[in-house]
Amino acid sequence: GVLILSEATAISGTYQGIDGMGLIWSMRPVVDDRIVSRDEFHHIIRTTDKAFLKLGRPNYTKSAVFLIQFEVICDGTVTASAQFRQLRQGMEVTVTSLADVGLAAKVYHPIRTPKYGIITITGSNGGYETVHAPLLASHGYLAMSLALFGAPGVPDQMHDLPIEYLEKALDWMADALGHRRIGVIGWSKGAETTLVACSYLPTKVAAAVSCLPCHYIMSGNDAVGHYDLPGWTRDGKALPYHVLTTEQDIHELLSQAEKYPDRPIVLSPAFMKGYLNRLKDDTLIPVENAQCPIMLVSGGDDQNWPSAYSAQFIVARLKDAGYKHPVTHLNYPEAGHLIAAANAVKSASDVILHPVNQKFLLCGGTPQKNAEASQDSWQKILDFFEQSLPA
């Protein structure tokens, strides 16, 4: 027989309803031929020494092809099987490094001469963004994964990041293309970076997508827990910044984590408290200085920080400023902080073990709602760049 997943309704298992990719994004480990529960899965993420399980998903970066074996088991016997090849990168895409020009960047080259370029930036985990850049190159863009910190040639920690480094990356891309029709997209810390780039380097960014944004220059932090550090610098001087949270708030959060080790840390209330009580006007990102279309993507149940609040703030600020370019806000009310990578495994997207601070964080949403938001937003992001980058 034939089972068409895009038409068949799941009656039990790890996802509900009709979803052609449900078997992919909802995958969970199996122990003794039994799918583990959500609580068991969270325990595995917390205690495992296997990197891919700590992230709650396979490692997509080792190969351009991700192979998934499906088996139908009836009464303990495999009655049918099939193999699914998920391409994370077109086979014709090639990758080069920019270490020789002083950039911690990987450039993904499409098979045909690209018309436009896009720079991708990951979040507070640092390092390279290695999922969306190859996907964008597979769609014909010259795609650069730019590391701000946490990679060879750039700082180890997330503070005192020079805007001139962003400018150097944009200038390299312009030289490679022969024009400045360049987009920037980032997630979380990368979302802030996207807004910083188009606000402080307005003539060098032609389209900006900020996924799970904040609306201020956030403070930096280091490996020993100092949070009152400059986030960005320009001409060697620190830009005014908003301290994400107070030492007292951090102490309370860590105390809760020690008292209730099985509960993930919820950061959003502390950040929201800081927005309402301590935010200064000079720390707001001057988005009205941008000169390009802007897309904002947020989760209404974002428990990492209130990205929907920030996106609404940015939209209102641009409207008040009489902003002349298109502004789009995609808000997914039931999704959390991990909206990214359509058709990827999302079974641990509501909670994560942060790869840098090793704290168990509540990100919000549910695996299903995060998967739905990721699928919907990715196609709209592709459409946005296709419409915005041509001159």
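**Overall fold and selected residues of the predicted chain**

The backbone here deserves a glance: phi of L212 is near 65°, a positive value in a residue that is not a glycine. Most residues other than glycine have a negative phi. A positive phi also turns up at D235, with a value of about 55°, and this residue is not a glycine either. D235 is found in the loop between strand 12 and strand 13 (237-238).

Stepping back to the whole chain, the secondary structure consists of ten helices and 17 strands. The radius of gyration is 21 Å, close to the 21 Å that the globule rule gives for 391 residues, so the chain is as compact as a globular protein of that length. Along the principal axes, the C-alpha trace spans about 70 × 55 × 40 Å. Of the 391 residues, 49% count as buried. The accessible surface comes to about 18,400 Å², and carbon and sulfur atoms account for 53% of that area. When contacts between residues at least 6 apart in sequence are considered, 68% of them join residues at least 24 apart. The charged side chains number 32 positive and 39 negative, and the centres of these two sets lie 3 Å apart.

Turning to the cysteines, how many disulfides does a search of the whole structure find? The search returns zero. A disulfide is a covalent bond between the sulfur atoms of two cysteines. For C211, the closest cysteine sulfur belongs to C198 and lies 13 Å from its own, which is too far for a bond; the cut-off applied to a pair of cysteine sulfur atoms is 2.5 Å. C211 is buried, at 2% relative accessible area, while C74 is partly exposed, at 40%.

Y141 is located in the loop between helix 4 (132-138) and strand 8 (142-146). Is Y141 buried or exposed? With a relative accessibility of 8%, Y141 counts as buried. Leaving out residues up to four places away in sequence, Y141 touches Y108, P110, P114, Y116, I118, L136, L382, F385, E386 and L389. Y141 and G117 are 24 residues apart in sequence, and their C-alpha atoms are 5.3 Å apart in space.

D301 belongs to the loop between strand 14 (294-299) and helix 9 (307-320). At 29% relative accessibility, D301 counts as partly exposed. Which residues does D301 contact, once neighbours within four places in sequence are set aside? The partners are P333, E334, A335, G336, C363, G364 and G365. The C-alpha atom of D301 is separated by 24 Å from that of I44, a residue 257 positions away along the chain.

Note on methods
Residues numbered from 1 in each chain as written. Predicted model: local features only at pLDDT ≥ 70, side-chain atom pairs only at ≥ 80, totals over all residues. Heavy atoms only, no water. Helix = DSSP H or I, 4+ residues; strand = E, 2+ residues; numbered from the N terminus. Rg over C-alpha atoms; globule rule 2.2 N^0.38 Å. Buried < 20%, exposed > 50% of the residue type's maximum accessible area, 1.4 Å probe, protein only. Contact = heavy atoms within 4.5 Å. Areas by Shrake-Rupley, 256 points an atom, 1.4 Å probe, with all protein chains shown as cover. Lys, Arg positive; Asp, Glu negative; His and termini not counted. Charge placed at Lys NZ, Arg CZ, Asp CG, Glu CD.
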